[in-house]
Amino acid sequence: MTFEEFVARHGADLLRLAFVLTRDRHLAEDLTQTALADAYRHWRRVVAATDPPAYVRRMLVNAHLSWRRRRWTREYPVEVTETDLVSPVEPGDAIASRDALRELLAGLAPRARTVLVLRYYADLDDAAIAAAMGVTESAVRATASRALALLRTAAETEMKEIR
């Protein structure tokens, strides 16, 4: 039996057990993931056991007990202040700001728009962008710098018009 087959067959049972132990779905998922990660690391021992599901179940219980012990010694509650709370963003505001950004990007030259999208959306570095576009890295940096300056100017102009 492979590890993937084991998880497909017994993963839901382990998750249910973890939920009963923790009474919290998110903690149960974390606990199950921790136990399965340990089982994967020691897979030879798990398969060699007479009852692999019981072995992993015991790993899950041990992980739960060690979490409970650790929680009291390492986690300390922190007082939440008003400055820690983030005011909720209205969905309409988020959509409007995305649309405004799309309009500003549409106003850029195709090469500048491509550089910015590859850098900030696709999260590529200058070398990868240069390779994708067939230009030098310095051309990518110069294009990005000019494009960002144009976007800043356009955004400032738009903000002045709104006020």
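# A walk through an all-helix chain

Among contacts in the protein chain between residues at least 6 apart in sequence, 52% join residues at least 24 apart. Keep that in mind as you click around, and remember that this is a predicted model.

**Stop 1: the whole chain.** Show everything as a cartoon. Of the 163 residues in the chain, 26% are buried.

**Stop 2: α1 against α2.** Select residues 3-22 for α1 and 25-41 for α2. How do these two helices sit relative to each other? Their axes come within 8 Å and cross at roughly 140 degrees. An angle over 145 would count as roughly antiparallel, so α1 and α2 are classed as oblique to each other. Their crossing is right-handed. To see what makes the contact, show side chains on both helices. From α1, pick residues including Phe-3, Phe-6, Val-7, Gly-11, Leu-14 and Leu-15. Facing them from α2 are, among others, Leu-27, Ala-28, Leu-31, Leu-36, Ala-39 and Tyr-40. The contact also takes in Arg-25 and Glu-29 of α2.

**Stop 3: the loop between them.** Click on Arg-23, found in the loop between α1 and α2. Arg-23 has a positive phi of about 60 degrees, although it is not a glycine. Is Arg-23 buried or exposed? Its relative accessible area is 70%, and the cut-off for exposed is over 50%, so Arg-23 is exposed.

**Stop 4: the largest nonpolar core.** Select Phe-6, Leu-14, Leu-36, Ala-39, Val-46, Val-56 and Leu-60; of the 15 residues in the largest nonpolar core, these touch the most other members. Colour the chain by helix and you can see where the core comes from: α1, α2, α3 (43-48) and α4 (52-74) each supply at least two of its residues. Which helix gives the largest share? That is α2, with 5 residues.

Now zoom in on Val-46. What does Val-46 touch, leaving aside its neighbours within four places in sequence? Its contacts are Ala-39, Pro-52, Tyr-55, Val-56 and Met-59. Apart from this core lies another, of 13 residues, and Leu-105, Leu-108, Val-115 and Leu-116 are among them. Select those four and head that way.

**Stop 5: Ala-109.** Ala-109 lies in the loop between α5 (91-106) and α6. With a relative accessible area of 47%, Ala-109 is partly exposed.

**Stop 6: α6 against α7.** Select residues 110-121 for α6 and 126-133 for α7. The two axes come within 10 Å and cross at roughly 135 degrees. That angle is in neither the perpendicular range of 65 to 115 nor the antiparallel range over 145, so α6 and α7 are oblique to each other. This crossing is right-handed. Show Arg-111, Thr-114, Val-115, Leu-118 and Arg-119 on the α6 side, where they meet Asp-126, Ile-129, Ala-132 and Met-133 in α7.

The loop between α6 and α7 is worth a click too. Asp-123 has its place there. Phi of Asp-123 is near 60 degrees, a positive value in a residue other than glycine. Asp-123 is exposed, at 64% relative accessible area.

Stop 7: Finish with Arg-119 and Asp-126. Arg-119 lies in α6, and Asp-126 lies in α7. Are they buried or exposed? Buried means under 20% relative accessible area. Arg-119 comes in at 19%, so Arg-119 is buried. Asp-126 has 18% relative accessibility and therefore counts as buried too.

Arg-119 is in contact with Leu-124, Asp-126, Ile-129, Val-140, Arg-141 and Ala-144. Asp-126 is in contact with Arg-119, Glu-137, Val-140 and Arg-141.

Methods
Residues numbered from 1 in each chain as written. Predicted model: local features only at pLDDT ≥ 70, side-chain atom pairs only at ≥ 80, totals over all residues. Heavy atoms only, no water. Core = buried A, V, L, I, M, F, W, Y, C linked by side-chain atoms within 4.5 Å. Buried < 20%, exposed > 50% of the residue type's maximum accessible area, 1.4 Å probe, protein only. Helix = DSSP H or I, 4+ residues; strand = E, 2+ residues; numbered from the N terminus. Contact = heavy atoms within 4.5 Å. Axes fitted to C-alpha atoms, helices over the stretch in contact; angles between N-to-C directions. Parallel < 35°, antiparallel > 145°, perpendicular 65-115°, else oblique. Left-handed = near helix turned anticlockwise from the far one by under 90°.
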